[in-house]
Every structure is written in structure tokens, then in C-alpha cells.
Amino acid sequence: MSTLLTSLWHGYRDTSLILRVSIALVLGVVVGLVGGPAVAEWLAPLGELLMRLLKFIILPIVLFTLMSGVNQGASGSLGRIGRKVFLYYLATSALAIAVGLAVATLLSPGEGMSLQGAGSVSVPDNPGILSVVLGIVPNNIVAAFAEQDLLGIIFIALVFGLAVSKMRQSESQAELGERLYGLSEALNTATLRVMDGILHVVPAGVFAIVANTVADQGLATLLSLGDMVVVLYLALGAQLLVYLGLLKGFGVPARAFFREARTPMATAFATQSSAGTLPLTLGAANRLGLPRSLYGFSLPLGATLNMDGAAIRIAISAVFAANVMGVPLDWASMLQIVVVGTLISVGTAGVPGAGIVMIATVFSQVGLPIEAVALLTAIDALVGMGCTALNVTGDLVGTAVIDRSERSRSPSLMASQAVKATDPAQHR
């Protein structure tokens, strides 16, 4: 019996993670539809376990990855890379809204529907961009860790990483700085070993989460607002084509990219959490041969600020609500949605119910009925899955593109990282 169990475990362990996650996704849909809420409730603890484990590892993996990364790159390049990251996130968010508006205008979701019985929805206050910027600097280091404030943790890691870097360059403190750097490297390695163990739980957790989501939503909800869901996923597909164009334009091999990106994409789809998927996204960036000094900064920041999927959701929802009212959007309103939606997608980052805040804020700016938000909450989980997967994809694409732009400045760096990316040991 023990031999059989050992053989089964080895077979499970040696199967590629993406295959295990893909099977879990399909089985989750089947079990959710057939078993219903009773079975899904029984499986729920598995999903909760996965989310707890992923949240458990977020803090050390972001902290130690970024601290080590800062000490591996030139400190002078950090400002230039930071500007590129922010510009990429703003540009792709605006482009995502434009793509969503174009697809939704062409396909017109919501025509012939009514707001009767839509109910009401409680919308949290929009904190605004200024509050988000000020919130980057935490009042209390312990509180930032306890609340898993990603922006605060990024700030702490950058500050202490730069401090260690300066110590290593100092004649009087070089030895102490090297000890601290060695400690951060050791802790980062230990964190990755823990992450390897957590990966074995991912398929079971994905299976439980998908089963629970499908059982809760059911076919009735999907069919009642099916056109909205279909249009949104078509727009997400169009944005993926934009990403493909970016990858091709910067010379990033798309096949190799998606081979590594598909696991965090599938996990984000199931969990609906960019932050929860962050450990897997960081692992994918490492296997792609991207520099830690870049992805240690861009991916945690993207998980908090970059919301291309949510931006598309804003656009589709606006066109949907306008069609329900029977008053199609004009060009001026569309332009306003692009500008306001781009800013709102940053200003509401990390806020509970952020999707509702973004949609409701944009609706109020362009004169659309807030009551339509309540109608859209019925398919929140269904659209959230695809939007989160696109968010994670956009973060990785941006990191790969910015890396290629940086490497073009240094041909020797490009050659060394190309060797690393093709090393079989990187893909185990």
C-alpha cells in the first residue's frame, strides 16, 4: 500500500503544474455544476487552505526578493526602471479601456434589458489617487506587515535594500553590508523552498475554489447576463492580442513567455486574486530569466496598481448600463471614461470592493445609473475570474517588455540573461 501511495505521489509531483491546474479547473466546473452548493461547501476548506498559504508566503517573498534584487542591480537604474513601470501601467490601463469600449460598442451588450428589480448596492468611498500615493509610506512597519499592505512592504523593502546596498559600497561598513546581503539572499532561498512545497497544494485548492464559484453562480446567472459575460471575455481576448503585439515588438518569444505565464494566469483565474497569485507570478518571472531587481519591484506594484482586466470591465459595464438606459454613449463620454477610468483604476487599488468602487465612480462621472452596478454584481465572480487573469498577464508582459528595453542598453547583459532563460534548470 505504501509503495502504491509513494508511486502515486511521485507521479503527481512529476506531472507539470499547469497540467495539474488545468485538470483541476475542468473538474471544478464539472463538480460545481453537478454537485451543487452542498458539495462545494464541503470542498471549501481546501480553497481556503490554498488562499491562506499563498497569503502566508506573500510577505517574505516580496520583502526578500526585492531587497536582494535592489542589491543585484545598479541603484542608479532604479529611477529609470520605476518610470518605465509606471508609464507602462498607465498606458496599458488606458488602452484596455479603449479596447473594451470598442468591443462593447461593436457588440452592444445590454440592449433590450431593464433595470427593474436591479436593487441597490452599497458603494465604498473612493479614496482618490492622493490617498493611495500617501499610503505608500506606512505609519507603522509592523502594521504594514500585519495588514499585508503591498505598497507599504514594497516601500520598506526598497528603503532597506538601498540601505544595505550603500553599506556594501562603504569602506567602513562593507563587511556588515555583505553579511546583511547574504542573510537576505539566504532568506530568499528559504522562502523559495517553502514556495515549492505550497505549489503542490495549488491544484487541489484551485479545484475547490472553482467548484465553489460555479456552484454559487450557476448556469441561470450566466444565461441571464450571458451577453455581458461573452462581450467582456471577447474584450479580454482582444487585450491579449495587444500583449502579443507588445511581446513581438520588443522581441520577447511569445511561446516561451506563455509557457511560464500560464500557471499564474490559471491560478489567478480560479482565485480572483492578483495579490494571492503573486508568489506564482514571481516564480514565473524568475523562470523566464528576468532580473530580480526588476520583477521584485514591478510585479508586487502591478498586483496592487495595474488593473487592465478591471479597466476593460469598467468600459464594458459603462456601455452595458448605457444600453440598458437606451442612451448609447457618445464620443465625448467615451473619452471621459478612458481618462476617468484610467485614473480611478489606480486610485482605488487595494480597496475592498475595488471593482464596485471603480464602476460606480465612473458611472457617476458620466451620468450613468448607479443602480446598474447592482445588476452587474450578479456576475461579479464570473467576470472577476477573467479580469484577474488578464491583470496578472499584463504585469508579466510589462516586466518582460521593460526588461527587453533595459537589456537593449547593455548587449552583454542581454547575452547573459538569454543563457539563463534557456537553462533547463530554470524550468524544473
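Student: Why does Glu48 count as partly exposed?
Tutor: This is a predicted model. In it, Glu48 has 41% relative accessibility. Partly exposed is the class between buried, under 20%, and exposed, over 50%, so Glu48 counts as partly exposed.

Student: What makes Arg52 exposed?
Tutor: Its relative accessibility is 56%. The cut-off is over 50%, so Arg52 counts as exposed.

Student: Why is the contact between Glu48 and Arg52 called a salt bridge?
Tutor: The N to O distance between their side chains is 3.0 Å. The limit is within 4 Å, from a side-chain nitrogen of Lys or Arg to a carboxyl oxygen of Asp or Glu. The pair meets it, so the name applies.

Student: How far apart are Glu48 and Arg52 in helix H2?
Tutor: They are four residues apart in H2 (residues 17-72), which means about one helical turn separates them.

Student: What makes Glu185 and Arg292 a salt bridge?
Tutor: Their side chains come to 2.4 Å, N to O. That is within 4 Å, so the pair qualifies. It links distant parts of the chain: Glu185 sits in helix H7 (residues 174-199) and Arg292 in helix H12, 107 residues apart.

Student: Is Arg292 buried or exposed?
Tutor: Buried. Its relative accessible area is 17%, and the cut-off is under 20%. Glu185, at 22%, counts as partly exposed.

Student: How do you know that Asp403 and Arg407 meet in a salt bridge?
Tutor: Their N to O distance is 2.9 Å, against a limit of 4 Å. Asp403 and Arg407 are four residues apart in helix H17, so about one helical turn separates them. Both are buried. Elsewhere, shared partners join Arg80, Lys84 and Glu406 into one salt-bridge network. The structure holds nine salt bridges.

Student: Which residues have the most contacts inside the largest nonpolar core?
Tutor: Leu101, Phe257, Leu329, Ile337 and Phe363, in a core of 93 residues. Helix H13 (residues 308-325) gives the most to this core, with twelve residues. Apart from this core lies another, of 24 residues, among them Phe207 and Leu280.

Student: What makes Ile337 and Leu101 a contact?
Tutor: Contact means heavy atoms within 4.5 Å. Beyond four places in sequence, Ile337 is in contact with residues including Leu101, Ile97 and Val366.

Student: Which residues line the largest cavity?
Tutor: Ser274, Leu278, Thr281, Leu299, Ala303, Val392 and Asp395. By class, four are nonpolar, two polar and one charged. Helix H11 gives the most to the lining, with three residues. The cavity holds about 30 Å³ of space.

How values were computed: Residues are numbered from 1 along each chain as its sequence is written. This is a predicted model: local features need pLDDT of at least 70, side-chain atom pairs count only at pLDDT 80 or more; totals for chains, interfaces and linings use all residues. Side-chain values use heavy atoms; hydrogens and water are left out. On a 1 Å grid over the protein atoms alone, a cavity is a set of points where a 1.4 Å probe fits but cannot get out, and a pocket is an open set with protein on both sides within 12 Å along at least five of seven lines; lining residues have an atom within 4 Å of a point. Grid points are joined across faces, edges and corners, and a volume is the space filled by probe spheres set on the points. Helices (H or I, at least four residues) and strands (E, at least two) are DSSP runs, numbered from the N terminus. Ala, Val, Leu, Ile, Met, Phe, Trp, Tyr, Cys and Pro count as nonpolar, Asp, Glu, Lys and Arg as charged, and the others, Gly among them, as polar. A nonpolar core is a set of buried Ala, Val, Leu, Ile, Met, Phe, Trp, Tyr and Cys residues joined through side-chain atoms within 4.5 Å. Buried means under 20% relative accessible area, exposed over 50%, partly exposed in between (1.4 Å probe, protein chains only).
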